[in-house]
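Biologist: Hi, could we look through this one together? I have a few quick questions for you.
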Amino acid sequence: MAINYGSKRVVVGAHYGTRDWLAQRVTAALIALFTLIVLAKLLLTSGPIGYETWAGVFASQWMKTLTFSVLVGLFYHAWVGVRDIWMDYVKPPGIRLALHVFTIVWLVGCLGWAIQVLWRL
Amino acid sequence: MTQLNKPRPEFRNINAFTDLTTYRLPPAGWVSILHRISGILMFLLMPFIVWMFDSSLSSEISYDSFTSAFTAGLGFVPGWFVKLVALALIWAYLHHLIAGVRHLYMDATHSVTKEFGASSAYVVLALSIGLTVILGAKLFGLY
């Protein structure tokens, strides 16, 4: 086995195991369920869908709380998926690390913005 | 194993233009690569998605700026292009969701035959493309 410590340590490995595999599937199921709930809330209202109906979907506290959890799950789901793409196609550790950092900054920024929108409703 | 595997062609130094184009992907392969493409597309367009979430939800005034983006445009981007990006996102979400349900179903039921892989892939492609066409026609005002 190649040297994997000190300055040769691989810092962008996969942490092999079932944790991310399982997390990817659990978060996927959560997002799919959330999609059905939002769709059901929209389709079960009568008349044209305007601002009132759309904002009404996220009005209740339980929906806000659920949306918050789904957003965090979506963030982790996107991180695992995009990281896997970088690990499959980008081999030089320096470029891969740079892409990992970009991915985290991009996703954390988007998550923060989405939570800000949700929190002030 | 009693029977020797038949010799397969070896590909080394794969060229993206001369070799990749000669590959014939089976339907499951198309679903797989499109799962990646749709995922990275939604990742890259995530700021636009959050902008839509923000503007459509924050207030009635911002809701108007959300709807006008699809007709009058957004900044220097014309309205038809905003619609096109929204359509790409609709396809990406539908494909990713339906292909994801196929993944979960295969994991849960251990459906790992070649036949099921192919037939379920056709179902995923038909559903995602069909729904995208229906919703796209609505988005561009064809009905």
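Biologist: What is the mean pLDDT of chain B?
Modeller: This is a predicted model, and the mean pLDDT of chain B is 92. A value of 70 or more is reached by 97% of the residues in chain B.

Biologist: And what about ipTM and pTM?
Modeller: The model has an ipTM of 0.88 and a pTM of 0.88.

Biologist: Thanks! How many helices and strands are in chain B?
Modeller: Chain B has five helices and zero strands. Reading from the N terminus, that gives α-α-α-α-α.

Biologist: What radius of gyration does chain B have?
Modeller: Chain B comes out at 20 Å, whereas a compact globule of 143 residues would be near 15 Å. Along the principal axes, its C-alpha atoms fill a box of roughly 75 × 40 × 30 Å.

Biologist: How much of chain B counts as buried?
Modeller: That applies to 17% of its 143 residues.

Biologist: Why does L89(B) count as partly exposed?
Modeller: Because L89(B) has 17 C-beta neighbours inside 10 Å, and buried would take 20 or more, while exposed means 12 or fewer.

Biologist: Which residues does L89(B) touch, leaving out those up to four places away in sequence?
Modeller: Those are M42(B), L45(B) and I49(B). Take L45(B): 44 residues separate it from L89(B) along the chain, yet their C-alpha atoms are 8.2 Å apart.

Biologist: Back to chain B, what share of contacts between residues at least 6 apart joins residues at least 24 apart?
Modeller: For chain B, that share is 68%.

Technical notes
Residues are numbered from 1 along each chain as its sequence is written. Chains are lettered from A and ligands numbered from 1 in the order in which they are written. This is a predicted model: local features need pLDDT of at least 70, side-chain atom pairs count only at pLDDT 80 or more; totals for chains, interfaces and linings use all residues. Two residues are in contact if their C-beta atoms, placed from the backbone, lie within 7 Å. pLDDT is the predictor's confidence in each residue, from 0 to 100. Helices (H or I, at least four residues) and strands (E, at least two) are DSSP runs, numbered from the N terminus. The radius of gyration is taken over C-alpha atoms; the globule rule is 2.2 Å times the number of residues to the power 0.38.
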